[in-house]
Amino acid sequence: MDVSLEPSWKAALSPVFQSDSFTKLADFVKQEYQQHQVFPPGKKIFSAFWHCPLPAVKVVILGQDPYHGEGQANGLAFSVAPGLPFPPSLLNIFKELKTDLGVPLPPNGDLSRWAAQGVFLLNATLTVRANSAGSHQNQGWENVTDAVIQTISREREDVVFLLWGAYAQKKEELIDSKKHCILKAPHPSPLAAHRGFWGCKHFSKANEYLVSTGQTPISW
């Protein structure tokens, strides 16, 4: 597994990557890539970190698993490469964005344009076996990504955390709510969006908070 990391993240997370639990995780992931089709491509596992260095983080959107369909996962939570159809959850995100801020549906689902502005798109599990959702959960990735959330909470100030769905909301305990803004809503999947993701206005609320703390809003 290629664990070359953007320098600010490498410095902050070095204890995690030197741990025995990470060694076991790396061995597991390496074996999975050798024996199965696994997403995202190995060089994109840590894409979110390269697109958004630690000092640049302004908003965190937490996903659960990478997409497990052919060619979809690109290392950024909820994002897909240009030319691919919008997965249902991403389509619902764009629909809420249009309702909230009037932003028209974009030409593609590549969210690197958000990441470049400080939106950290983190999946709790960074790899997945093809066509097998959740197949790499409970193998050690959660230890890594929990440490990432704690690092952001500790090292940064006035970050907006968007926690969509019950799984993401379990991570609230890792975040210092006195230093940061936590916004919660149901998951944008078709199974849950009608329970309150629609109308949550998280995009405008995130920008209002950023502006109120002297930061530049996100051009969603």
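Trainee: Why is K98 called partly exposed?

Mentor: K98 has 49% relative accessibility. Buried means under 20% relative accessible area and exposed means over 50%, with partly exposed in between (1.4 Å probe, protein chains only). The value of 49% lies in between, so K98 counts as partly exposed. Do keep in mind that this is a predicted model, where local features need pLDDT of at least 70, side-chain atom pairs count only at pLDDT 80 or more, and totals for chains, interfaces and linings use all residues. Residues are numbered from 1 along each chain as its sequence is written, and side-chain values use heavy atoms, leaving out hydrogens and water.

Trainee: Where is K98 found?

Mentor: Look at helix 4, residues 88-101. Helices are DSSP runs of H or I with at least four residues, numbered from the N terminus.

Trainee: How do you know how far K98 is from L162?

Mentor: From C-alpha to C-alpha they are 17 Å apart in space, and they are 64 residues apart in sequence.

Trainee: What makes up the largest nonpolar core?

Mentor: It has 70 residues, and W9, F49, I61, W114, F120, I152 and W220 touch the most other members. Helix 6 (residues 141-155) gives the largest share of this core, 6 residues. A nonpolar core is a set of buried Ala, Val, Leu, Ile, Met, Phe, Trp, Tyr and Cys residues joined through side-chain atoms within 4.5 Å.

Trainee: Which residues does I152 touch?

Mentor: Not counting residues up to four places away in sequence, I152 touches W9, L54, V57, V60, F120, V159, F161 and H180. Contact means heavy atoms within 4.5 Å.

Note on methods: Helix = DSSP H or I, 4+ residues; strand = E, 2+ residues; numbered from the N terminus.
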